[in-house]
Amino acid sequence: MTDHERIDELLAGYVLRSLEGEDAAEADGVLTDHLPRCPRCQGSLLELQEVASELALATPALDPPETLLPRLLRELEPKERRRPVAMLAVAASVVAVIGLSGTWLQGRFADESGSRREALANILDFAREHDAQMVPVGNVTEVSAPDVQEMYLYGESVRDPPDGSVYGVWLVVDGTPRLAGTFVPDGGWVYLRVTFESSYDALMITLEPEGSEPAEPGTVVWQAA
Amino acid sequence: MRDGEREDLELHRRLEAGDRDAFDELYRRYGGIAYGLAYRLTGQQILAQDVVHDAYLALWRAPEAFDPARGTFRTFFLSLVHHRAVDVIRREERLRARSERAANLDPLVGEDPAEDVVDEAYLGVRSKEVREALATLSPEQRQVMELAYFGGRTQVRIAEEIGIPVGTVKTRTLAAMRKLRKLLEEPAE
């Protein structure tokens, strides 16, 4: 069996959401390491996704309960109150947003293997679209591209911070560190999407007291220029 | 690109701008298929309703998760619904017995029940094509596709259930999807 045949088998299982264990881990590796470099497999993934979604049409449509649409319409937040982060559509460990104002928000989400794959797929899409670089920053990897005001941090075996501490993500802009957000690994898993309004010179990951909103960086544990 | 896809793109564009009427229209367009799919997987109305609810709310909150460069809106949204439904049934293992019926092979081929509310002509044609394509698979291929897609089983579990090696499940799955791809690659007009 060729490598590509093996990869196609994994991708077929992946789009059907039917992988587990070693196969799921291998698929994660393919999505992370191989796909960004292989247009052939990128095409295969798109084709298989399309076939999988078409299968839904084989099932008879059913009228949803009449109460569902009114319930949904009641729950739709007005546009101005909608959360600004695309990744909220998928489960992810941590999402952080920063603007020049220095405001940030953070959310924690369920940690499921399928969600991890979706998170990795998002990172891969970003890397592919922007020809991004992946730079290790301690236990996490920074995925960023020049002139793109968005970047990702992810890691799969990040150790927990000491009790009472959280990790802080700081972007150094014109020599001034700015706090992007804080996070705690979820079973070793870290997935952050950071958006910003001006380019940064360096990235620092620090230890900060839990529940604080520090103005200055705490102890630097990892950094990258 | 078919008319339906163009309309989907326009509705999605309006959705990104916070247009509730576009949301309403996308619900009317795909709510029935989404609910039918979710019900088939979960086997329970309340769970199917939750799946569809969550999928539509996610769409409203993050419409930018759909990237037109990566396929059609329909592919994106029905994948979202399917993934959520699979997640639900894996959390709700107790639903297995009920989903046995849902994973039955028979309903796929030639059945078009009275409650079918596919009212978009192009979707109706496509539904027929998909059913016909599935009917051309060998029984062995159709079985693994049914158990994986509509039963929400993992490949390991499928291998256990039907008593074949996992490698055979993988081979059959890929062969089935390639065949379906070939049969379905010509879009309905």
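Two residues are in contact if their C-beta atoms, placed from the backbone, lie within 7 Å. The model is predicted, with local features needing pLDDT of at least 70 and side-chain atom pairs counting only at pLDDT 80 or more, while totals for chains, interfaces and linings use all residues. Residues are numbered from 1 along each chain as its sequence is written, and chains are lettered from A and ligands numbered from 1 in the order in which they are written.

The contact between the chains draws 47 residues from chain A and 59 residues from chain B. On the side of chain A that touches chain B, the elements giving two or more residues are helix 1, helix 2 (21–34), helix 3 and helix 4 (68–75) of chain A, helices here being DSSP runs of H or I with at least four residues, numbered from the N terminus. Helix 3 of chain A supplies the largest share of that side, nine residues.

Helix 3 (residues 39–54) of chain A packs on helix 4 (residues 73–91) of chain B at an angle of about 65°, their axes being 9 Å apart. Because angles of 65 to 115 degrees count as roughly perpendicular, the two helices, helix 3 of chain A and helix 4 of chain B, are described in that way. Gln49(A), Glu50(A), Ala52(A) and Ser53(A) from helix 3 of chain A meet Arg74(B), Thr75(B), Leu78(B) and Ser79(B) from helix 4 of chain B.

Helix 3 (residues 45–61) of chain B has 17 residues and spans 24 Å from its first C-alpha to its last, close to the 24 Å expected at 1.5 Å a residue, where the expected span is 1.5 Å times one less than the number of residues. Its buried residues (20 or more other C-beta atoms within 10 Å of their own) include Leu47(B), Val51(B), His53(B), Tyr56(B) and Trp60(B). The buried residues of helix 3 of chain B pack against helix 4 of chain A, together with helix 2 (20–42) and helix 4 of chain B.

Elsewhere in chain B, Gly151(B) sits in the loop between helix 7 (139–150) and helix 8 (155–162), and Gly151(B) counts as buried because it has 25 C-beta neighbours inside 10 Å. Gly151(B) and Leu41(B) are 110 residues apart in sequence, yet 5.9 Å apart in space, C-alpha to C-alpha.

In chain A, helix 1 (residues 3–15) has 13 residues and reaches 18 Å from its first C-alpha to its last, close to the 18 Å expected. Among the buried residues of helix 1 of chain A are Ile7(A), Asp8(A), Glu9(A) and Tyr14(A), and this helix is followed by Arg17(A), whose phi is positive, near 60°.

Key:
A residue is buried if 20 or more other C-beta atoms lie within 10 Å of its own, exposed if 12 or fewer, and partly exposed in between; C-beta atoms are placed from the backbone. Axes are lines fitted to C-alpha atoms, for helices over the stretch in contact, and angles run from 0 to 180 degrees between N-to-C directions. Angles under 35 degrees count as roughly parallel, over 145 as roughly antiparallel, 65 to 115 as roughly perpendicular and the rest as oblique.
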